[in-house]
Amino acid sequence: MKIRNLLCAASLLLPLMQSALAAEAESTVIPVPDYRPPETVQKISVPIVPDAERSKVLIVAGENSYEHDWTGVNARLRTMMLDSGKLDVRVIEDFSVATLPMLKKYDVVFLNYLGKWNYTDENENRWSETAQKALFDYVAQGGGLVIYHSSFNIGSPSWPEYEKLAGGTMRPFHGSRRSPPDAFRVHVTDRDHPVTKGMREYFWTFMDDMYTNMYWHPDAKVHVLATAYDDAANYQQKYAGPKYPPHLYTDEKLNNMQGMDAENPQVWTVDYEKGRVFCIALGHGPDTIAYDGVKSLILRGTEWAATGDVTIDVLEKAAAFKE
């Protein structure tokens with residue numbers, strides 16, 4: 001009799017437990033995983049002989065979200081920039097020590113930084129007030145800047161001057177999102193700009209994030225170079241997987257999402273007073289930036305931000321088709 005009573009009680013409690021679990025799952029937006037990005041094994045270029053003809057690049061790193069192998073990206077960026085024959089590179093992982101005189105030793109600053117382990121973290125580890133001012137002053141006075149991938153998640157929506165500097169930023173709790181595909185076509189919409197001149201109209205990126213419905217600062221002077229199409233069909237669970245729960249992506253909700261079934265900017269430039277800013281939302285990891293399309297844009301965009309000109313060739317699988 002006791003066993004039967006226990007079983008009856010359990011059968012009554014089970015739906016309540018399931019309901020509680022469902023409610024808990026509903027309230028979880030982005031879980032914080034016990035995760036460390038895989039370490040990449042790749043060659044690290046040794047310092048090169050100083051060459052006044054090379055543009056000097058300072059990569060700013062030191063912290064990023066859990067999905068991003070930023071140390072592996074830095075290694076690959078440094079190698080491919082040095083191998084271009086046009087760029088020299090240094091990496092700093094404590095940018096809080098930066099001053100304007102220090103930055104003026106470089107032709108371009110390259111941001112590969114996000115001061116959060118998870119996008120839901122309330123606190124963002126920004127640089128010191130001195131370093132922040134130094135960066136804005138450096139660009140305003142004519143310095144070059146590259147803002148890369150996860151760095152579009154900095155500051156939003158509580159750092160308006162950075163949002164103006166970047167032109168577009170991600171506001172994930174205000175409608176910005178990452179489209180499900182890990183591979184998608186990039187549409188080069190301006191093929192006359194120095195960065196994109198000679199590129200084919202479309203190329204593929206792989207193992208990448210498509211940032212969509214970004215926030216665009218109303219006072220930023222943005223010029224879009226390339227876009228990608230956010231297709232509502234890709235949000236079906238059979239394609240998107242468990243990160244995109246079906247009840248959050250019903251047809252009705254998809255229809256009401258801004259930027260859905262539309263082209264979304266992925267590469268653009270910003271005029272920030274006297275400075276040139278090259279922005280590329282593509283380039284999730286070391287494997288992604290090894291492909292010709294993204295690699296060409298990074299190298300050529302960095303050179304353009306540094307000098308206003310581009311002499312680095314478009315790589316073979318990103319170059320315009322010949323008749």
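The side chains of Glu-163 and Arg-171 come together in a salt bridge, with N and O 3.1 Å apart. Keep in mind as we go that this is a predicted model. Both partners are hidden from solvent: Glu-163 counts as buried because its relative accessibility is 2%, under the 20% cut-off, and Arg-171 counts as buried too, at 18%.

By the same rule, the structure holds six salt bridges. Another of them joins Arg-177 to Asp-230, whose closest N and O atoms lie 3.0 Å apart. This pair ties together distant parts of the chain, since Arg-177 sits in strand S6 (residues 177-179) and Asp-230 in strand S11 (residues 221-230), 53 residues apart. Arg-177 is buried at 9% relative accessibility, and Asp-230 is buried at 0%.

Asp-88 and Arg-90 give us one more salt bridge, with 3.1 Å between the closest N and O atoms.

You will find Asp-190 in the loop between strand S7 (183-188) and strand S8 (202-206). Its side chain does reach the backbone nitrogen of His-193, at 3.2 Å. Beyond its neighbours within four places in sequence, Asp-190 is in contact with Thr-196, His-223, Val-224 and Leu-225.

Let us move to another loop, the one between strand S4 (144-148) and helix H5 (160-166), where Ser-151 is found. Ser-151 is buried, with a relative accessible area of 0%. The Ser-151 side chain reaches the backbone oxygen of Leu-111 at 3.1 Å. Leaving out residues up to four places away in sequence, Ser-151 touches Leu-111, Asn-112, Tyr-113 and Tyr-162.

How many cavities of 30 Å³ or more does a search of the whole structure find? The search finds one. The largest cavity has a volume of about 40 Å³, and its lining consists of Asn-64, His-68, Trp-70, Val-73, Asn-112, Tyr-148, His-149, Ser-150, Gly-283 and His-284.

Technical notes. Residues are numbered from 1 along each chain as its sequence is written. This is a predicted model: local features need pLDDT of at least 70, side-chain atom pairs count only at pLDDT 80 or more; totals for chains, interfaces and linings use all residues. Side-chain values use heavy atoms; hydrogens and water are left out. Helices (H or I, at least four residues) and strands (E, at least two) are DSSP runs, numbered from the N terminus. A polar contact is a pair of N or O atoms within 3.5 Å; within protein, one must be able to donate a hydrogen and the other to accept it, and residues adjacent in sequence count only if both atoms are side-chain atoms. Contact means heavy atoms within 4.5 Å. On a 1 Å grid over the protein atoms alone, a cavity is a set of points where a 1.4 Å probe fits but cannot get out, and a pocket is an open set with protein on both sides within 12 Å along at least five of seven lines; lining residues have an atom within 4 Å of a point. Grid points are joined across faces, edges and corners, and a volume is the space filled by probe spheres set on the points. Buried means under 20% relative accessible area, exposed over 50%, partly exposed in between (1.4 Å probe, protein chains only). A salt bridge is a side-chain nitrogen of Lys or Arg within 4 Å of a carboxyl oxygen of Asp or Glu.
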